[in-house]
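Please consult the sequence and the coordinates while reading.

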Amino acid sequence: MALAATEQHHCGHSGAIGVYVHVPWCRAKCDYCAFVSQPIYDARLVEAVVEHSVVLLQRRLRLCGNPRVDTVYVGGGTPTVLSAALLQRLLGGIAACVGPRVREWTVEANPDNVTDLPLGCLAHCGVTRLSIGIQSFQPRLLHVLGRSCRTVDPDRALSALACRWSGQWSLDLISGIVDQSVLEATDDVERAVGYGPPHISLYDLTIEPGTPLARRLGRPAVSAFVNRAALTSATAAGVLQRCGYRRYEVSSYARAGAESLHNGGYWAMRDFIGVGPSAVSALSRADGTVVRYCDPSDIPAFLLLGRNGGCWGRAERVNRRSLILERAMLGLRSAAGVSPAEITGQLDRAGAAAVRQLLQRWAARGDARLTATRLTMTTGGWQRLDFCLRELAALIGLS
Ligand code: SF4
């Protein structure tokens, strides 16, 4: 749909929003990666993207009436691949835009640049949380993933972090790696726990079409790994829970109080402004709909955004049915779940009754827990979440 690029956005609610800044650079491209990221080949281009991101963020916040920003997430890519000076410029620019009331500010990092990170400066700019992408401690599995930083000693990086960082942090792992054994999955999780991270993310490997990993494996091999991946992922999840981490979202485990506020806002479909190549903003409107603005993935096209006075990328209005499905897709990933009324409330009487019956079937077969006020998935339901969501999509006419 076409919206005026200069449109003043009247947010549908007055609550705080989140900000996401995408840094599209990495030291090298990993074989499984489908994110918008590329190695740095032109320092001036990197600088231009950083400066343009800050300018766009400032304009977007202004067009939204300068709402209170309470979480910031700088991801990518690998933000910490920027030179220390440029990283400080980016973080300082963001800090000037978002003001002093940020409760949580996360920056993603990879182990190959943790030891050189200007951690004091990050904290000074307002960063409260680091998210370290270890993915696996096994060189063999890092090799399978084609990880760009596979030759880096994770122990060195994590020990440096322990000495020099006093804020929150998350250690990110991937499970279900092609031909990963249950023993290897358990070992990865136990080693991660040994470093004492307050938060651990345990993502299932997704083999994205078109990536070097997908091409290397071929379609028959990919389907052969699916069952095994489910077993290694479930085993790793069990180890984390036995070690005292609460699973508060399909892929997220935390000690008490260390849950990610920013991601929590995303799962709750709070408004957020995204900036950077491929970043998405989602802003609710007073009429209950949501408008999503997508920045171009192409870096030169991103740099042209706003040259005509506007500042938003391609806009699409999300209709009510799609919103129901998205609310279920995001909310049911989290242990908090959703209110059944959030899924049925926008439907006519017959549609709402049909969806309520479906939710009761989920509960009857053990996939969900349903009360008058809450719908949450069980552990088994999380494993079958895609299937359940396909059922819901079909019922509300979205498949
Ligand atoms: S470090 Fe992350 S963003 Fe960068 S190439 Fe690897 S998977 Fe992609």
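This is a predicted model: local features need pLDDT of at least 70, side-chain atom pairs count only at pLDDT 80 or more; totals for chains, interfaces and linings use all residues.

**Helix pairs**

| Pair | Residues | Angle | Distance between axes |
|---|---|---|---|
| H1 and H2 | 43-63 and 84-98 | about 5° | 9 Å |
| H13 and H15 | 349-364 and 385-395 | about 165° | 10 Å |

With an angle of about 5°, H1 and H2 are therefore roughly parallel to each other, as angles under 35 degrees count as such. On the H1 side, the contact involves Val46, Glu47, Val50, Val54, Leu57, Gln58 and Leu61, which meet Leu86, Arg89, Leu90, Gly93, Ile94 and Cys97 of H2. The residues of this contact of H1 with H2 comprise 9 nonpolar, 2 polar and 2 charged.

The second pair packs at about 165°, and H13 is therefore roughly antiparallel to H15, the limit for this description being over 145 degrees. The crossing of H13 with H15 is right-handed. H13 contributes Ala354, Val355, Leu358 and Trp362 to the contact, while H15 contributes Cys388, Glu391, Leu392 and Leu395. By class, the residues of the contact of H13 with H15 are 7 nonpolar and 1 charged, with no polar residue.

**Ser334**

Ser334 is located in the loop that lies between helix H11 (320-331) and helix H12 (340-344). Leaving aside residues up to four places away in sequence, Ser334 touches Tyr248, Glu249 and Trp267. Lys29 is 305 residues from Ser334 along the chain, and the C-alpha atoms of the two are separated by 30 Å.

Note on methods:
Residues are numbered from 1 along each chain as its sequence is written. Axes are lines fitted to C-alpha atoms, for helices over the stretch in contact, and angles run from 0 to 180 degrees between N-to-C directions. Helices (H or I, at least four residues) and strands (E, at least two) are DSSP runs, numbered from the N terminus. Angles under 35 degrees count as roughly parallel, over 145 as roughly antiparallel, 65 to 115 as roughly perpendicular and the rest as oblique. Two residues are in contact if their C-beta atoms, placed from the backbone, lie within 7 Å. Ala, Val, Leu, Ile, Met, Phe, Trp, Tyr, Cys and Pro count as nonpolar, Asp, Glu, Lys and Arg as charged, and the others, Gly among them, as polar. A crossing is left-handed if the near helix is turned anticlockwise from the far one by less than a right angle, and right-handed if clockwise.
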